[in-house]
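Subject: Structure handover

Hello,

Here is the structure I said I would pass on. My notes on it follow below.

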Amino acid sequence: MKKAIYSTFVVGLFFLFSGKVNGQCNPEQYTDACIPKLASGFNFLKSYKIDGQGGAKTKVEYSYVFTKGTQYMINVCATGSGTDGIVVSLFDSNRNQVATSKINGQYISAIAYPCNTTGIYYIQYTFDNSTEFCGGSALGFKR
């Protein structure tokens, strides 16, 4: 009987703490908020979840094929009205940085990039003095 109670207690603790760890970041709420914030004329392509796992991850990266002659916009949404220190940087297929949302120490919530070369681009999110390590992002395009 004692083993059954102990086992139930241990399993209960496991679910209690595992739910708390996994439930800390809810990026869906931020991706949902980011989509309507794309600038006028941009069409929504894809949303991205930014989960730094409470600071355990230093970056979150995705890739997307950009097409020559198309302008792209990537925005970031986090707690409050700012970006909570989440920086989005865009790299071309050779891993050269072509745009970033941190300019002169200031965080901007969106970057626009006029694509001159079709290829795979890397969208990288890093955390610079972030408090939540959680956010969302939306990618849009216009021709």
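**Helix over sheet**

Helix α2 (residues 27–34) lies across β1, β3 and β10, and runs at about 30 degrees to β10. Lying across rests on contacts, meaning heavy atoms within 4.5 Å. Angles run from 0 to 180 degrees between N-to-C directions, with axes fitted to C-alpha atoms, for helices over the stretch in contact. Helices (H or I, at least four residues) and strands (E, at least two) are DSSP runs, numbered from the N terminus.

Please note that this is a predicted model, in which local features need pLDDT of at least 70 and side-chain atom pairs count only at pLDDT 80 or more, while totals for chains, interfaces and linings use all residues. Residues are numbered from 1 along each chain as its sequence is written, and side-chain values use heavy atoms, with hydrogens and water left out.

**The chain as a whole**

The chain has two helices and 10 strands, in the sequence pattern α-α-β-β-β-β-β-β-β-β-β-β. Of its 143 residues, 36% count as buried; buried means under 20% relative accessible area, exposed over 50%, and partly exposed in between (1.4 Å probe, protein chains only). The accessible surface of the chain is about 8,500 Å², and 54% of that belongs to carbon and sulfur atoms. These areas come from the Shrake-Rupley method with a 1.4 Å probe; for residues, only the protein chains shown count as cover. Among contacts in the chain with a separation of 6 or more, 77% are between residues 24 or more positions apart.

**The sheet with β3**

Four strands form an open antiparallel sheet in the order β1-β10-β3-β8. Its edge strands are β1 (43–51) and β8, each of which pairs on one side only. From one strand to the next, the twist averages 15 degrees. Two strands are taken to pair if DSSP finds at least two bridges between them.

β1 and β10 are antiparallel and share eight bridges, with Tyr-48 opposite Ser-137 in β10. Seven bridges join strand β10 (residues 134–142) to β3, again antiparallel; here Asn-75 has Ala-138 in β10 as its bridge partner. On to strand β8 (residues 110–114), which pairs with β3 in the antiparallel sense over five bridges. Strand β3 (residues 71–77) is mostly covered, with six of its seven residues buried.

**The sheet with β9**

Another open sheet has four strands in the order β2-β9-β4-β5, with antiparallel pairing. β2 (59–66) and β5 (97–100) are at the edges with a single partner strand each, so one side of each has no neighbour in the sheet. The twist in this sheet averages 25 degrees from one strand to the next. Strand β4 (residues 86–91) and strand β9 (residues 119–127) are antiparallel and joined by six bridges, with Ile-86 opposite Phe-127 in β9.

**Phe-133**

Phe-133 is in the loop between β9 and β10. Which residues does Phe-133 contact, leaving aside its neighbours within four places in sequence? They are Cys-25, Ile-50, Asp-51, Gly-52, Gln-53, Gly-54, Gly-55, Asp-84 and Phe-127. Cys-25 and Phe-133 are 108 residues apart in sequence, with 7.9 Å between their C-alpha atoms.

**Aromatic rings**

Rings of Phe, Tyr and Trp (its six-membered ring) pair if their centres lie within 6.5 Å; planes under 30 degrees apart count as stacked, over 60 as edge-to-face and the rest as tilted. The count by this rule is seven aromatic pairs. In one of them, Tyr-64 and Phe-66 have ring centres 6.2 Å apart and planes at 65 degrees, so the pair is edge-to-face. Tyr-64 is partly exposed at 24% relative accessibility, whereas Phe-66 is buried, with a relative accessible area of 0%.

Phe-66 also forms a stacked pair with Tyr-121, at 4.8 Å centre to centre and 20 degrees between the planes. That pair links distant parts of the chain, with Phe-66 in strand β2 and Tyr-121 in strand β9, 55 residues apart. Tyr-121 is buried, as is Phe-66. Ring pairs link Tyr-64, Phe-66, Tyr-72, Tyr-113 and Tyr-121 into a cluster.

Finally, Arg-95 lies over the face of Tyr-122, 3.7 Å from the ring centre. The rule for a charge over a ring is that NZ of Lys or CZ of Arg is within 6 Å of the ring centre and within 35 degrees of the ring normal.

Regards
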